Amino acid sequence: MTERLNYFLETTRQISPLQFGFTAGRSTADAINSVPDFVGHSKKRGLKCCHVALDIAGDFDNAWYPGILAQLGKLKCPPNAYNMVKDFSSDRTAHITLRNSLSSKQVTKGCPQELVSGPTLWNIIISDLIKVLSNEANVKTVVFANDIMIMMQGPSLSDILKIMQTTLQTGDNWCKENRLKISKDKSSLMPMFTRNKEVLTSHPTIIERGIKIISQMKYLGVTLDCK
């Protein structure tokens, strides 16, 4: 099933080139290099830039089956592959036995990383988020598995904050539609080449979401700083 699905996704180029995880020909190094490349591009244009690191809570464990099937429908997945995924994700139950009691529950989400199909099903979901966020002007989104790096550029921090506000709201709306949540504990913002952090720390969106303002972030094993 996964081989057929991967063949369809690869030949029709349905997985976003900005998803660097679980994709052939793309690596962790490619994802990491995209960050300083964006910074260099911003500097050449005389623009300021900020990075927002987000993490989807539970990622694989919360991949919602109806959402996966809806995405496959949008992508015009061939009926044979679509029906195999539909059959695979239908009528699944989880059971637990405690002493002499057995409890069962219908399972409507979850594609564990240990399963060969997990990364493919997750890429189907996350590619749609990348596509949605790519509609935002002056924004580039890079994803490695469930690590989301949103890079924004603009003539001033105030402009970037407006972009950030609409971009994060777009992300929230997408998460609600797909029964996912952004982990607030792992959300952070790193402004590049700026000392005026007061305009950031006092912004309602940052306060409401509890986003940490940082000068260093560890991204895919590499430490990046604000300079």
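How many nonpolar, polar and charged residues make up the lining of the largest pocket? The legends below take this up. The model is predicted, with local features needing pLDDT of at least 70, side-chain atom pairs counting only at pLDDT 80 or more, and totals for chains, interfaces and linings using all residues. Residues are numbered from 1 along each chain as its sequence is written, and side-chain values use heavy atoms, without hydrogens and water.

**View 1. The largest pocket holds about 440 Å³ of space.** Its lining has 22 residues, and Leu 168, Asp 172, Ile 182, Lys 184 and Arg 209 are the closest to its centre. A pocket is an open set of points on a 1 Å grid over the protein atoms alone, where a 1.4 Å probe fits, with protein on both sides within 12 Å along at least five of seven lines; lining residues have an atom within 4 Å of a point. Volume is the space filled by probe spheres set on the points, joined across faces, edges and corners.

**View 2. Helix H6 (157–177) gives the most to this lining, with eight residues.** Helix H5 (118–133), strand E5 (147–154) and helix H8 (204–209) also give two or more each. Helices (H or I, at least four residues) and strands (E, at least two) are DSSP runs, numbered from the N terminus. To settle the opening question, the lining has 10 nonpolar, six polar and six charged residues. Nonpolar means Ala, Val, Leu, Ile, Met, Phe, Trp, Tyr, Cys and Pro; charged means Asp, Glu, Lys and Arg; the others, Gly among them, are polar.

**View 3. The second largest pocket has a volume of about 260 Å³.** Helix H1 (2–11) and H5 each supply at least two lining residues here, and H1 gives the most, with three. Look for Asn 6, Phe 22 and Thr 120 among the lining residues.
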